[in-house]
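Here is a model to get to know by question and answer. Please look it over before reading on.

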Amino acid sequence: MPYIIIMICALLLVVYRKFPLHHHEYSFDRKTLVLWIPIAAIITYLINNQLGLGGVFSAGIIGTLGSFLTKFNSRSEYLKQIAGPIYCGAFIGMTSLDFQYVYWMIITAGVFTALLFFATKTLFVGVGGKLGTLAFIGVLLSMLLFKLIIS
């Protein structure tokens, strides 16, 4: 077992050295892109809990709709970049919380995630799981904030 762990660590080191996970160009896009994260989170939450379609199906609907927005105007750079924030917000909306301030908590999680999304725009480009991880951290931060405020 220790040999397997050492081999995995060595492979990770080789991949890290061979493929850069951080891009050094700081071409930040329009800051209004991150507004779609809380919007998509609320819409996904409503589909998930009010219509009862489930978290995965609701996130799939919103993510798919977000990916088709580029078809409206294929020359628009804004629409080409909107799918990522929408899909990131869809991960937040997958939550099934049931307490009095759930919509405020989802909006707060969307804002935290939007800040993280903007701050990590050039980190881990091409690495799978980035959007879900950002959404998870945003939800955790907002739950912690609401736990501190309400309790």
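This is a predicted model: local features need pLDDT of at least 70, side-chain atom pairs count only at pLDDT 80 or more; totals for chains, interfaces and linings use all residues.

Residues are numbered from 1 along each chain as its sequence is written, and side-chain values use heavy atoms, leaving out hydrogens and water.

Q: How many helices and strands are in the protein chain?
A: Helices (H or I, at least four residues) and strands (E, at least two) are DSSP runs, numbered from the N terminus. Along the sequence the pattern reads α-α-α-α-α-α-α. The count is seven helices and zero strands.

Q: What share of the residues in the protein chain is buried?
A: Buried means under 20% relative accessible area, with a 1.4 Å probe and protein chains only. The chain has 151 residues. The buried share is 32%.

Q: Are H2 and H3 parallel or oblique to each other?
A: Helix H2 spans residues 36-50 and helix H3 spans residues 55-68. Their axes, lines fitted to C-alpha atoms over the stretch in contact, lie 9 Å apart at an angle of about 135 degrees. Angles under 35 degrees count as roughly parallel, over 145 as roughly antiparallel, 65 to 115 as roughly perpendicular and the rest as oblique. H2 and H3 are therefore oblique.

Q: Which residues in H3 does H2 meet?
A: Contact means heavy atoms within 4.5 Å. From H2 come Ala-40, Ile-43, Thr-44, Ile-47 and Asn-48. In H3 they meet Gly-55, Ser-58, Ala-59 and Ile-62.

Conventions
Buried means under 20% relative accessible area, exposed over 50%, partly exposed in between (1.4 Å probe, protein chains only). Axes are lines fitted to C-alpha atoms, for helices over the stretch in contact, and angles run from 0 to 180 degrees between N-to-C directions.
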